[in-house]
Amino acid sequence: MKTEKISTDVLIIGGGTAGCYAALTISENSDKKVLICEKAHIKRSGCLAAGVNALNAYIVEGRKPQDYVDYAKKDADGIVREDLLLTMSEKLNEVTDRLEKLGLVILKDENGKYVTRGNRNLKINGENIKPILADAVEKAKNVTVLNRINIFDYSVKDNKINGAFGFGIESGIFYTIEAKAVIIATGGAAGLYKPNNPGFSRHKMWYPPFNTGAGYAMGIRAGAEMTTFEMRFIALRCKDTIAPTGTLAQGVGAKQINSLGEVYETKYGLTTSERVYGTVNENQEGRGPCYLRTEGITAEQDESLLKAYLNMAPSQTIKWIESGRNPSQQNVEIEGTEPYIVGGHTASGYWVDTDRATTIDGLFAGGDVAGGCPQKYVTGALAEGEIAGLSAVKYIDSKESFEKISDEDTNSHLKETEKYLTDRHSLYTTEQLEEAMQTVMDSYAGGIKTNYRFNEKQLDIADYKIRQLETLTDDLYAEDFQELMYIYELKERLTVCKSVIAHLRARKETRWHSFAENLDYPEKDDKNFNKYVNSRLENGEIKIIIRDLVTGGEKYEHSN
Amino acid sequence: MSIVIDKSKCIGCKKCRNVCPGSLIKTDENGKAYIKYPKDCWGCTSCIKECPAYAISFFLGSDIGGMGSKVHTEKNGDILSWLIEKPQGEVIKIDINQKESNKY
C-alpha cells in the first residue's frame, strides 16, 4: 500500500457543518495550518447534503440565550449541561449573520427584519447551505481539504492526541497525519438499529446513513469520557419518506391526530420524546395510524410546502405528487424512526468543557459528536465549530513542543488495514454482519420492533450478541478501499452499540419515554438519576461514571 | 431510495461521482457514471443537481410507496426547476427561486 505522512497544525476530522465552520474560524483568527479530512466531499457531505428549510436555533427579538438553555433543559428533562448550552446559545445569532453574509437566503419582512417561526426559528432557503459553506472553506487561507479520506483511528499516547490514521477510499493511500491539535466533527451515528424500511430503501433514513459514529468510536477506544449515550434520538417523521415534520407542525400548525381524528399530542405532552411516545402508544392501543392534520390548509400553503420539502427532503414532495393529492387533501401519516445517537438533538457524545475540549489532551469536539448540549441544529453546530476552532488555536499557542507519531504506531495501523485487504477466509460479508447487528439492536436494545422498550435481560442478550458479532469482524475481507471503509464503519457502529447498551443499562429509571424506556424501571427516579451517566473504557471494559448535574451559573472544568 | 443514470446521456464529467456523500457513484471503463451501491443511496439528490446533461433521475423505491415517477432538476440562473415525470409521461414542473425563502 502506498503511504503518505502529512503534518498540520489543526486536523479537523469531518467536513460537515461543525467541521467547515471550525476551519473558517481558525483561518480568520490565526495563521495556523488547517487540514480537513472528509470521507465524502465537503460540497454535499454531512447532515446538510439535501438542504434544510429553517434555522431552528436562533434567539429572536425579546428573548435571551438563557431562554434557549431553559427550553433545551426542559425538553431533556434536566439532563443537559447548562454551561455548554449557554456558551452555544450566545453565539447563535452571530453565526446566523455570518451565514447570511456567506449567501444564505433568510426570510425578512418589509423592514428588513428576520421573519421568525415561533420563539427560536427562522425561515430560509437552505437548499444550497452546504455548497455555500464549502465554497467559503475552499477560499479560506491556510485551509487544505482532503476529500474521500476515511480517518479510522487516533494516534494517542499518554492521553495526548498526536494525530490520526486514515486511508484514501479512491486513492488507496494510507495516511499518517500528525497534528498539534485535532477537532473531531464526524457527526452522530445512524445505522445501529434496523431502519424503518430495511429493504431497498434501507438508507432512506432521516439522519445521514453515512454518519456511522466514527468520532464516538475513536474516542471510546482512546479512553475519552463520553456522556448520555442512553438518551437516544428517535425522530417523528413522515411515514416512508422519513422526511422532517417541523415544517408541517410548526410551519402550518398541523396537529398530531390519530385515525379517529382526535388530537392526541396534548394527552402525552409536547417534548420531543413525548411526541414520539404518544404516537407509539396510540398505535399500540388500536387508534393508529397517526397523522399530522394538513387537510384544509390553503392552496398557497400547499404550494409553499411542495417547494419547502424539495429544498430539504425532496422525496416527500414526490410522494405528494405521485399520489395526486396535495397536503391540503390528505393528512400526512407519521411514524417514529429507528433510534439514532446524535448529540445535536439529544445530549449524547464526548464529555467536554466549555472550550469543547474532550478529556483527551489536544482533542476538541463540535457538532453532533459533542455531548451535553442538545437542540443544536445547524446554528448550534456552527457555534460549537467556532468554539472548538478558537480553543484549538489557544491550545497550540499554549504549548511549546509536540510529539511525533511513532513508526510503531503507524506500522501497526498499516498492518491492520492490509490484513483486511489480503486475508480472504471470511464466511460472512460486512453487509451481513451489519444486518445482524441491526437485528440484535432492534430486538434486544429497544428498537422499532419492541416499540423502543427494553428490559435488563434483553440488554444482556444484546450485549452478548454484539460482542459475538465483533469477533466475526476480524476475519472480514475488503475487495477495495471503499469496502475497507465499510469494515471500519461496521466496527465503529459495534463499538458505539456496546456503549449505548451499557448506558441504557446504567440509567435504572425511565426519564424519557421511547428514548430510554426501561421496563424494569418504568418510573423516573430523580433521587438517583437526576445526574449524568458517563462512561470511559478502562482495560477493555466500559466503566460507568455517574456525575452530578452542572446547572445554572456553574461551569464545569476537567479536573484530571 | 435511489437514482438511475442514463448512460446514453452521461458525458463523463464525473461531477456526480465527485459530490455523492456516500461515494456510491463510480465510472465504468468508458468513463460513464453508474451507481455501484443503489441500496445505499440516501436520496439527497446532490448528484441530480450537479449533472449538466440531465442524465440522472431520482425515484422512490416501491417499498416506500414509489409509483414509478422519475425526477430531475434543471437550473437557469436563480431558478431551480424540479421536473417530475410520471410513468404515463405527464411532467409536473416546480420552479423554485433560490433567492426566495421558505414561507412556513
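Trainee: What span should the 15 residues of helix H14 of chain A have, and how far apart are its end C-alpha atoms?

Mentor: This is a predicted model, in which local features need pLDDT of at least 70 and side-chain atom pairs count only at pLDDT 80 or more, while totals for chains, interfaces and linings use all residues. Residues are numbered from 1 along each chain as its sequence is written, and chains are lettered from A and ligands numbered from 1 in the order in which they are written. Helices (H or I, at least four residues) and strands (E, at least two) are DSSP runs, numbered from the N terminus. The expected span of a helix is 1.5 Å times one less than its number of residues. For H14(A), residues 430-444, that gives 21 Å, and the end C-alpha atoms are 21 Å apart, which agrees.

Trainee: Which residues of H14(A) are buried, and what covers them?

Mentor: A residue is buried if 20 or more other C-beta atoms lie within 10 Å of its own, exposed if 12 or fewer, and partly exposed in between, with C-beta atoms placed from the backbone. In H14(A) the buried residues include A:Leu433, A:Met437, A:Val440 and A:Tyr444. Their cover includes strand S18 (453-454), helix H15 (456-473) and helix H16 (481-506) of chain A. Just after the helix, A:Gly446 has a positive phi of about 75 degrees.

Trainee: In what order do the strands of the open sheet in chain A lie?

Mentor: Strands of a sheet pair through backbone hydrogen bonds, either parallel or antiparallel. Here two strands pair if DSSP finds at least two bridges between them. The order of the four strands is S12-S15-S14-S13 (chain A), with antiparallel pairing. Strands S12 (236-238) and S13 (256-257) of chain A are the edges, each pairing on one side only. Three bridges join S12(A) to S15(A), residues 332-336, and A:Arg237 stands opposite A:Glu335 in S15(A).

Trainee: How many residues does each chain give to the contact between chains A and B?

Mentor: Two residues are in contact if their C-beta atoms, placed from the backbone, lie within 7 Å. Chain B gives 36 residues and chain A gives 49. Helix H1 (15-19), strand S6 (79-85) and strand S7 (91-97) of chain B each give two or more residues to the side of chain B that touches chain A.

Trainee: Where does B:Ser23 lie, and why is B:Ser23 called buried?

Mentor: B:Ser23 is in the loop between H1 and strand S2 (25-27) of chain B. B:Ser23 counts as buried because 24 other C-beta atoms lie within 10 Å. Among the residues that B:Ser23 touches are A:Ala40 and A:Gln482.

Methods: Lists of a residue's contacts leave out its neighbours within four places in sequence.
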